[in-house]
Amino acid sequence: MRDYIAVSACLVGANTKFNGKNNYNPKIKDLIKGKTVLLICPELFGGLETPRDVSEEKEDGRIYSINGEDVTDFFYNGAYKTLEFLKNHNCYDVVLKNGSPSCGEYTYDGIFAKRKIKRLGVTARLLKDKGFNLTYID
Ligand code: SF4
């Protein structure tokens, strides 16, 4: 059986980030060494496109873009599609991009004030609840 690890696609240099760029982090090399990598991007899995407006989760759990569009359904759709994809590959080790409203361990506060709070992103929350082994890097 393959030794899979899933990684937020933007961490390996894929331009999946909201602004059309990536979050390449050289630390990823050591984390994925010797494993077969599955790339995930919950926001694209959920039907959003790149580039897209930056979004944050509000206190009530709804997610809005900076222009006031309610994008909650896209985020949850992406989270459940990610879960299904990982389960289908029997992959329970995941490296996620911190700070993202989908993937983060810390996420922005919901009022676009550039302030991070300790609150998991939507996909991170779902995967944690389901017992996945999660690692976060910036
Ligand atoms: S949703 Fe996750 S994988 Fe996709 S761009 Fe944002 S941080 Fe990266």
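Strand β5, residues 93–97, is joined to β8 by five bridges. The two strands run parallel. The model is a predicted one.

The β5–β8 pair belongs to an open sheet of four strands. The strand order is β2-β1-β5-β8, and the pairing is parallel. Two strands stand at the edges: β2, residues 36–40, and β8, residues 133–137. Each has a single partner strand, so one side of each is left without a neighbour in the sheet. From one strand to the next, the twist averages 25°. In general, strands of a sheet pair through backbone hydrogen bonds, in either a parallel or an antiparallel manner.

Helix packing was examined for α3 and α4. Helix α3 spans residues 72–88, and helix α4 spans residues 122–129. They pack at an angle of about 40°, and their axes are 9 Å apart. The crossing of α3 past α4 is right-handed.

The contact residues can be listed for each helix. On the α3 side they are F75, Y76, G78, A79, T82 and L83. These meet V122, T123, L126 and L127 of α4. By class, seven residues in the contact of α3 with α4 are nonpolar and three are polar. No charged residues take part in this contact.

How values were computed:
Residues are numbered from 1 along each chain as its sequence is written. This is a predicted model: local features need pLDDT of at least 70, side-chain atom pairs count only at pLDDT 80 or more; totals for chains, interfaces and linings use all residues. Two strands pair if DSSP finds at least two bridges between them. Axes are lines fitted to C-alpha atoms, for helices over the stretch in contact, and angles run from 0 to 180 degrees between N-to-C directions. A crossing is left-handed if the near helix is turned anticlockwise from the far one by less than a right angle, and right-handed if clockwise. Two residues are in contact if their C-beta atoms, placed from the backbone, lie within 7 Å. Ala, Val, Leu, Ile, Met, Phe, Trp, Tyr, Cys and Pro count as nonpolar, Asp, Glu, Lys and Arg as charged, and the others, Gly among them, as polar.
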